[in-house]
Amino acid sequence: MARDLVNTNGSFSTEVERHLQTRQGVSPGEARLDDWWRALALAVRDRATAGASPARLAEAKEVNYLSMEFLIGRVLEDALTNLHLTDETRALMDRHGADYDAVLRAEPDAALGNGGLGRLAACFLESLSTLGCPAYGYGILYEHGLFKQSFDEDGRQAEAPETWLTDGSPWALRRMARRQTIGFGGTASDAGWYPADAVIAEPSDLPVIGWDGAWTNTLRLFSARPVQPFDLARFNAGDYAGAAEEEALARTISRVLYPDDTTPEGQELRLKQEFFFTAAALRDILARFEERGHALATLPDKVAIQLNDTHPAVAAPELVRLLTDERGMAFDDALALAQKTLNYTNHTLLPEALERWDEGLFGRLLPRHLDIVDRIDAAHARAHPKRKVAARADGAVQMGVLSFIAANRVNGVSALHTELMKETVFADLNALHPGRILNQTNGVTPRRWMQTCNPRLAGLITGAIGDGWVADLDQLQGLEPHLEDAGFAEALAGVKRANKVDLAGWMAAEHGVKADPAMMFDVQIKRIHEYKRQHLNILETIALWQAIKDAPNGDWTPRLKLFGGKAAPGYVFAKEIIHLINSVAKVVNADPVTRDVLQVAYLPNYNVSMAERLIPAADLSEQISTAGKEASGTGNMKFALNGAPTMGTLDGANVEIRERVGAENFFLFGMTADEVVRRRAVAGHAAKAVKADARLAAAIRAVRAGMFGAGFDAIVDNLTGPDYFLVSSDFTDYWRAQREADRVYADDAGWTRMAGLNIARSGWFSSDRTIRGYMADIWGAESLFD
Ligand SMILES: *Cc1c(COP(=O)(O)O)cnc(C)c1O
């Protein structure tokens, strides 16, 4: 809705109090934290959804972002910020003796995603609203988001179910009139599909409020419901469990988020989830398109559909089916329309993460779609008879190939990743379709990742250059001259110090971690994966510990090594890395010789809220993946924007961060993607690397000897054996770059300048810039504000 429809007459507080009474059933005096945040959310939602759509909306091109994951975290603070309601809300809380910050923290963190891919989707929706691009996000309303992580006494990961939706969400408005029936299984013929089973996809709408409240888009998430609530005949016969069976089965589809973003579970339920939300989204999109009164042939002029990775790739055969079987269009016309409407974002080159579904399973669940995949392949083979690239190959449906063939545009998420896509997984298809692949480097929303999460820095920046940067992040460049001013530089250093003091207080209170804000806060927070190389970081920690013990009176830069991140429950090696980090922390933190200059902490249950706390307080950003493996990264951007220089490899968007902030403001180490490939071909590369570096050898020896407890054989054997991710081979240069960071950090003014230049030159990493790129190059969509 348009900006002028946002009610600004100061009645927000009254609306909150009314919701407290009518929806939570309490007076302000009785309200608990939970009551307050829910009443606030309801009042915010009323504002965001009030008013009619502008007439031109009917003619505008509409973007639809289909994603298995939306890692939205907490929503309230972001919404209040974007609506400029934080001051009024603070005053309201003060009037009633409620603690504003505690109220915000009472909202559960909605972890409807695993990591970067899901967080990107959340940033994109916010930017789409901020830019006034009419858009819908489509996904699943998971009852249980990503598992809660804790550590047992030995420091091993333990998992517990997450419960964000148990008491319902005030953000999610059920839209009963827009329910869809989704079939599964059964048989197919030339006339169509006769599913054997069906479930109801029930949408709930969550508002996505843009900056200034200028526009609000919708995140529409589907819950699975049974067609029949329960079987009355079985119930009456006394079979109570059996009577509820169908309901339980149906609800299973939206029960849990698959706890991994890089290894698809080869399970029927996962494919069911993918088809469930994709099919529901397509029906909803077509229904809206038809309600707008457009002719089917104009679909690509009015609708763009983005597939966030291959999880919604079944959209290709499903859209063709909806146009042919259900609307009577000829196959070739339907395919041509689908190809002009669909676009695909690739997020990974890791072979184990490229989805392929066994054709037996696919055909059993989606028989008509398997036929259509074959017809899509046949059409492609006719158009390109010389080179055969088929989606159905090797007994499986290759979802990457299917997405590529059926898409108008295919994009990578950083310059390096896009080039590697062209050279590796999609080399053949790129040759057949030159120009279809393009790059859109990821970004992050500056509202959440600066304005809201780092109010001190946001205030300092606004004081220096005004507040235009919030919606136009390139304006941060205007900070550069201020960095020459000693007063400003001191204030900038003061912001970081204050953020570190806050974080230290929180870590002490919540996690019993003692942290000295005078130390360098060296932070690695992200999913635990061998390619992200947390084990390189902890090995360097061990080596540093040993070096300090050897020379306790040396001139060491005090460091706190902070870790956060979850491992997929079935990823044994990643869980051993967690166990090792916690075990090293125990030994190192207890060492009286080193503890004043080296501390290690692993904070449990990393999520969006924790990222918002940690990033503003970070001094150094660890982005140390094996070159060629991290498609982009977005954590790296958040850190740079908040004034933490990167310790990183030439991987993903690190390359572009370094180009922009300047090589002298980035701690580069390690092999390039090309060198990685060559090094891997060297026989015994890991053993050679260990032999060549006495520090590395000693660190590995300490682990092998059980200095941190038993059970790390798999890690030791890997680092001295196959070491596919080249931890050992990159160690020596990593150590060198870390000591370089020590030297620079010891010079307060030099470090502050480097941090300041990272901030001033990171404006390009706004997701507003990314979304403008998608709008212009992929969707052909325009802002309603223009
Ligand atoms: C930004 C973010 C990520 C992505 O981090 P990378 O370092 O790019 O992998 C993952 N999880 C959360 C909670 C985030 O906020």
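Predicted model: local features only at pLDDT ≥ 70, side-chain atom pairs only at ≥ 80, totals over all residues.
User: What makes Arg-375 count as lying over the face of Phe-331?

Analyst: Arg-375 is 4.2 Å from the centre of the Phe-331 ring. A charge sits over a ring if NZ of Lys or CZ of Arg is within 6 Å of the ring centre and within 35 degrees of the ring normal, so the pair qualifies. Lys-638 is listed too: its charged end sits over the ring of Trp-449, 4.2 Å from the centre. Residues are numbered from 1 along each chain as its sequence is written, and side-chain values use heavy atoms, leaving out hydrogens and water.

User: How many aromatic pairs are there, and what is the rule?

Analyst: Rings of Phe, Tyr and Trp (its six-membered ring) pair if their centres lie within 6.5 Å; planes under 30 degrees apart are stacked, over 60 edge-to-face, and the rest tilted. By this rule there are 18 aromatic pairs.

User: Why is the pair of Phe-184 and Phe-275 called edge-to-face?

Analyst: The ring centres of Phe-184 and Phe-275 are 5.8 Å apart, which is within 6.5 Å, and the planes stand at 70°, which is over 60, so the pair is edge-to-face.

User: What makes this pair a tie between parts that are apart in sequence?

Analyst: Phe-184 belongs to strand E8 (residues 180-184) and Phe-275 to helix H10 (residues 268-291), so the pair ties together parts that are 91 residues apart in sequence. Helices (H or I, at least four residues) and strands (E, at least two) are DSSP runs, numbered from the N terminus.

User: Are Phe-184 and Phe-275 buried or exposed, and how do you know?

Analyst: Buried means under 20% relative accessible area, exposed over 50%, and partly exposed in between (1.4 Å probe, protein chains only). Phe-184 has 3%, so it counts as buried. Phe-275, at 0%, is buried as well.

User: Why is the pair of Trp-764 and Phe-765 given its class?

Analyst: The rings of Trp-764 and Phe-765 have centres 5.3 Å apart and planes at 85°, so this pair is edge-to-face. Trp-764, at 21%, counts as partly exposed, whereas Phe-765, at 2%, is buried.

User: Which residues form an aromatic cluster?

Analyst: One aromatic cluster is made of Tyr-65, Phe-124, Tyr-774 and Trp-779.

User: How do you know whether the chain agrees with a compact globule?

Analyst: The radius of gyration is taken over C-alpha atoms, and the globule rule is 2.2 Å times the number of residues to the power 0.38. For 786 residues a compact globule would have a value near 28 Å; the chain has 27 Å, which agrees. The C-alpha trace spans about 80 × 70 × 60 Å along its principal axes, and 61% of the 786 residues count as buried.

User: What makes E5 and E6 a pair of strands?

Analyst: Two strands pair if DSSP finds at least two bridges between them. Strand E5 (residues 148-151) and strand E6 (residues 157-160) have four bridges and run antiparallel, so they meet that rule. Among the partners, Gln-149 is bridged to Glu-159 in E6. E5 and E6 form a hairpin with five residues between them, and Gly-155 in the turn has a positive phi of about 85°.

User: Why are E22 and E25 called edge strands?

Analyst: An open sheet of six strands runs in the order E22-E21-E20-E23-E24-E25, with parallel pairing. Strand E22 (598-603) and strand E25 (667-668) are its edge strands: each pairs on one side only. Strand E24 (residues 646-648) pairs with E25 in the parallel sense over two bridges, and Gly-648 stands opposite Leu-668 in E25.
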